[in-house]
Structures are given as structure tokens and as C-alpha cells.
Amino acid sequence: MELVTRRRLVGAALLSGGALGAAALGLQLLREKAPPVAGLRVLSAAQHRTMALVALTHIPPGGPFGWSAADVDVAGLFDQFLADQPASDQRDAGVALDLVDLGPLMFERRWTTFTALTPDQRLAHWQAWSVAPQATRREIWQSLARFTGMAVYDQPGAWPHIGYRGPSLARRTGPEQGP
Amino acid sequence: MTITDCSQSSGQPDDMRCEVAIVGSGCGGATVARVLAEAGRDVLLIEEGGDFVGPQRLTQRDLSMYDQLYADRGARTTADRTISVLSGRVLGGGGVINACDVVPVHEAIWRYWHTIHGLQQWSPQAMAPFVARALQDLSATAITQDQVNRNNQILRQGAQAMGYTGELMHHNRQGCVGLGTCLIGCPLGAKRNPRMVAIPKAITAGARVLVRAKVVQISAADRPDKTLLVRALDPKGYHETSTFRVQAKRIVLAAGPVGTTTILAASGLGNDRLGRGLSLQPQVAVVAQMPDIVNAFDGIPQSFALTQFERNDEKTGLGGYRIESIFGTPGILGSLVVQPGIEGKAAMAALPYVAACLVLVPDEPVGQIGQTWSGRPRIDYTLSEEWKTRARAAVKTAMRCFLAAGARQVMVASAPPLVVHSEKELAQVDGLSFAPASIGLISAHQQGGTPISARPDAGVCDPDGQLWGTPGVYVCDGGLFPTSSSTHTMAPILTLGHFLGAKWAATWGKT
């Protein structure tokens, strides 16, 4: 009896492992290979691509003004930021980006990835993360959205569009409005 | 002024000795350093952050300043990502990056601690001289009418229209020209904060100061000569470059509730109350779309406070809520936008017409500071139902004020955003769930974690600020408060610094 149980257990473990392996392989095949990105310190090329598309989805071109995440290397800044963070943060960020990319498959049962969606589909999917039933998805949304907002709107190119005239000390002491 | 930067090769220290080592240079640490140095003690003040003074270093840019002036590069949050936990990591501590609000502990709160918590020395009368010294350090004055920008005028108009009482706040600015970037440092040095007041005085009195030096552990705490393990950091403060030791007769931890608790936990010190009793005072932002230009970027960000609903009660402590105008710089505002896509861009394009405030809702000390498996701080905090109820009431009050001032719509940045156009829509606020990571809350005034107590089983430190059971190791930061002290903690912590510093200077035997 005990032997049979052990055999069954081993069999079940092998089956599960095989299924997981096949799923992982399937997911890898599903994800189109990302073009290499020079100089990355933490993120893989695929994670860099996902972050770039998250940023572009969060702050896209068009609308009330042209300035967008396309004007800022948000993914590169994120990689730089992570490079000086503890290893546990780097791992978490990588997993988070992988999860976002596989989000359509995992949470919407669509045989595709975030990066393969159209811009409109990406926006709808990304928006769903902000109100997702799983707290982890909302946490990931908060983290990536906050970083993107900070990175895009800290740039001088954004300021004329949001009524900000630039650092006030420079304005006071600059040549146009000298003391 | 002699400040040794441990990130520079010339600043790499060998092992050091002193009578008193003070860890952390904010309102508590800097004040104690000054008081003890002026009393003739041999003081070494150790700060993890860098020294940021003047326009070359304080650049008024979000990304670099949040990175350099704030703990965890501005990214510290509760474990569930719901609350941004903001605290300083710079010479001068939180005083460098706060909005300069001077709100001393109310007499009723001193009485509450005195009677309900049994802290015999904390009566209003006994504390009055130390409050006065704190206010003197801060050069505290009332903000004048001409310093009130349009953003603050709108909240005041709304409050007046609703019949609510409020006040122009007291602040610690001198020579302020209204640059508007208080939260990422004043390049003109107009804040009378520890970096500008206590630290120069401490140095004049003989204190030595180290920056970019991270204290990670206390050892030999039971011996007359205790040892601090210190790591020198690189110029950005990201990585450790070398290790040295500091021997001291006495150690004062003033690294803020999270920092102090982390060092004690890593050292195996403190009792089973360590890290418990944390107040975060979560704040909720309310944003109004006005019909006319507001230009809230310009001028003092925070000058008017709606105080009608604040409760300072000698039986129950600090409660109620308070509402204050606020604004930020583009990066931090952009990080708070909750609508992705074009909708979010439209919200940013409307900023010139936006008025904003924070509702400050004091909390019970229900949080806990622990450690992750890798030894980093972990902050666990669950919003109580009572707090949520008060926060919803506060949000409604803020929305009513903005609507009374003519707002077209008022919003809370939750996901999805809660948007209200009229009084009758205010009932929607009752649906604010405050579920984890569904709304961005802010904590700027952490307290507790190492609370002072009359009995060893009720707190971590005795009434003299010394760890129960560990002679010679003391705490002097917001962690000592057994409950919320005030809606703004700069003046309360400075008061503690003067109180404990004077006591220690008088009672510690000369070495």
C-alpha cells in the first residue's frame, strides 16, 4: 500500500513537473524574442520591453499634449534605479514585469502577451490591473505607474504642457528675469 | 564647519571613540547633539544621508531629490504598498524636506500622556520651557496674509463659506521668497531646520559630524564601552564601501521610528514591544478642478489649516481630523495620477486649474515595524474601521469646502477615481473602501515603535528615553511617542530633544 502511494506520488510529481515545464516552454514560445538592449544592468531585454510598453500605455502620445513616455527612456531609468537597489528588489521587479507581460494569459485567459496586444488593448488591460481583485496586481500597478509618472513629468519637456514654469530659483536668477 | 563625508576617500574614518554617539541628525538627534555638546560632552553625530545645502545640491528636481533626500530613495511604503512612508535621509533629517509646519503638542495631549499613560514628567507645565526652546530654535512665526497663495486661499474661502474655523499656520521659514519646493529642500536655506540651527551650534560647541555613514548594529551594549558597527557609503549613498567601528559610553538612537527600530532589532536589543505601536497618520489627497487659474506651483505650499474638526482630548488623545492645502512639484504630482492613458494626461494638463489639500487623520498606534528575510525594514499597517470612517468624513468636509469655493469637480485619487460634482454626490465617498493598493495614502509623521512608558511591559524605553533593561542606550526621535503627538511632528520632536538633552546633560556622570 505504502509502495503504491509512493509510486503514485512520484508519478503525480513527474506529471505536474512536466505540465509546468510545458507551460513554461509554451509561455517562452508565446513571448516574442525581444531585441537586445545595450547597457542593461538588471532587466532582461524582454523585461525592458515590457516596462517601455507599460510606460507608453500609461502616458501615451496624443491627447492634450504631445509629450509622452516615448520622449523619455523610462525603462532605462527603471533599470538604472534598480541597479542600485538590493537584490531582492531587483528580483521582485523582474517578476512583476514578467507577470505584466503574461497578464492577458494568466488573468484574461487569452493566448497572448501584454507586449503583443494593440495599444488600445494594452490600455484596457493595464487599467484593469489598477482595480484588479488580486492585491498583488494592484501593488504592481501602483509601483510601475508611480515610477512612470515621476520619470515622465520630472522632465523639462513636460512642464510647458502642465503649467509649470520650471525650477523657481533658476527663474528668479536666470538672465531673463535677473535679480 | 567640520562635517566629514565618509564617501570621500579623505573622509574614510578609522575606528573612533567618543563619549556620546548619536545616530541620526533630524529634529531629535541634532537637538540632543547640540544640547549635549554645549554642556561639554564629547559628541559624535552620525548621519546616513548626505549634506545638501544650497542651489548646487538642492536642485528642485523631483527624481534626483526624492532619490537623495528621502529614506529608501522616496520609495518606502507599507508592505501592502498602500501608504507612502516619507522620511528624511539627509543631514538635518525631516526638517530639510517638510512643509515647515510648526504645530506643538497641545496641552491636552501632554495631560493625556501624563495621566492616562502615567508619564509623570510630561505635564504641560513641566514641558513648557522645552516647548519654548523648540519654538525659539524654529524662529516660529505666523504665516502672513501676503504669503498665502491662491491654492490656500481657495480652501480658506471654502471653509469660510461653510462656516468652518481655520487658521494661518505657524512656520519656521525666514527670508522665504515662495519658491514652492519645500518638499524637496529649500535651495535658499530659508528653513530654520536642524541643518541650519542645531547642527551648526553643535559643531561650534565641539561636536563631530559624519555623513554617508550608516550605523547597522550595536554590540557590547551591556558593557561600559559600547560599539557601533558603521558602514561608510558611496557618494550617492547606495552602496557600502567600508566598515569601521565607533566606541561610545552612551548611544542615542535618533534615526526615526523605522531606522531606530531596525538598528535595535539587528542588535538584538529592546523588549517584545519593539517595533509595535506605530502611528503613520495616513493622509488622503483631495483635488479640485477650479474654473479659474490657481497656479498652485508658486508660493508657500501649505499655509492654511482647517482646524474645526481637530480633537485634542486629555482622555483619549489626538483625534478628529485637520485639512491643509498642499501642492507638489511635477514629478511627484505625475506619480500620483491614477488614470492611465489620455485621461491621465488631461488631468495633468489641467494642473494650472487645480487646487489640492490633504486630510490629516490621526490614527491609533496599530502599525508594526519588522524586518524582511533580508534584514530590511518591513512596515505592516492595517487601516482601522474607525480611521476609515473619520477619513471619509474628512474627505467629505474637504470636498464641501472646494465645492463651496466654486470647484467644478472634486476628486480622490483612488482606483477608480472618485469624482464628485455636487453636494448630492458626496454619498459616493461612503464607498471609499481604502482596500490595499487601491488608493495612494501618504505618511509624513511616523511615530511609535520604541514608545516611552512608565512600566517595562508597556513600552520600549523608560521615561528618561533609555531602553528598558539596557543602560546607556537611549532613543530620541518620534518613535518615543506612545500615541500621536500632533498632526506635525517637527516641533514635538524638537521639544523632546530639548527635554531629554537637558536631562541627560544634567544627570549623566562626567567621563
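Q: What makes S18(B) and S19(B) a hairpin, and what stands out in the turn?
A: S18(B) and S19(B) form a hairpin with 5 residues between them, and B:Gly375 in that turn has a positive phi of about 90°. Strands here are DSSP runs of E with at least two residues, helices are runs of H or I with at least four, and both are numbered from the N terminus.

Before going further, please note that this is a predicted model, in which local features need pLDDT of at least 70 and side-chain atom pairs count only at pLDDT 80 or more, while totals for chains, interfaces and linings use all residues. Residues are numbered from 1 along each chain as its sequence is written, chains are lettered from A and ligands numbered from 1 in the order in which they are written, and side-chain values use heavy atoms, with hydrogens and water left out.

Q: Why is B:Leu228 called buried?
A: Buried means under 20% relative accessible area, exposed means over 50%, and partly exposed is in between (1.4 Å probe, protein chains only). B:Leu228 has 0% relative accessibility, so it counts as buried. This leucine lies in strand S10 (residues 226–233) of chain B.

Q: What does B:Leu228 touch?
A: Contact means heavy atoms within 4.5 Å. Leaving out residues up to four places away in sequence, B:Leu228 touches residues including B:Ala21, B:Ile46, B:Val215, B:Phe244 and B:Ile251.

Q: How do you know that the length of H1(B) is close to the expected one?
A: The expected span is 1.5 Å times one less than the number of residues. Helix H1 (residues 27–38) of chain B has 12 residues, and its 17 Å from first C-alpha to last is close to the expected 16 Å. Just after H1(B), B:Gly40 takes a positive phi of about 90°.

Q: Why is H1(B) described as largely enclosed?
A: Because 11 of its 12 residues are buried, H1(B) is largely enclosed by the rest of the structure. Among the buried ones are B:Cys27, B:Thr31, B:Arg34 and B:Leu36. The buried residues of H1(B) pack against strand S2 (16–23), strand S3 (43–46), helix H5 (124–138), helix H7 (198–204) and helix H12 (490–507) of chain B.

Q: What makes B:Glu19 and B:Arg41 a salt bridge?
A: A salt bridge is a side-chain nitrogen of Lys or Arg within 4 Å of a carboxyl oxygen of Asp or Glu. The closest N and O atoms of B:Glu19 and B:Arg41 are 2.8 Å apart, so the pair qualifies. The pair links distant parts of the chain, with B:Glu19 in strand S2 and B:Arg41 in the loop between H1 and S3 of chain B, 22 residues apart.

Q: Are B:Glu19 and B:Arg41 buried or exposed?
A: B:Glu19 counts as buried at 8% relative accessibility, and B:Arg41 counts as buried at 4%.

Q: Why is B:Arg208 called partly exposed?
A: Its relative accessibility is 30%, so B:Arg208 counts as partly exposed. B:Arg208 forms a salt bridge with B:Asp42, with the closest N and O atoms 3.2 Å apart. B:Asp42 is also partly exposed, at 32%.

Q: How do you know that chain B and chain A meet?
A: By the contact rule, 53 residues of chain B are in contact with 52 residues of chain A. About 4100 Å² is buried between the two chains, 58% of it on carbon and sulfur atoms; buried area is the accessible area (1.4 Å probe) that two parts lose on being put together, summed over both.

Note on methods. Pairing = 2+ DSSP bridges.
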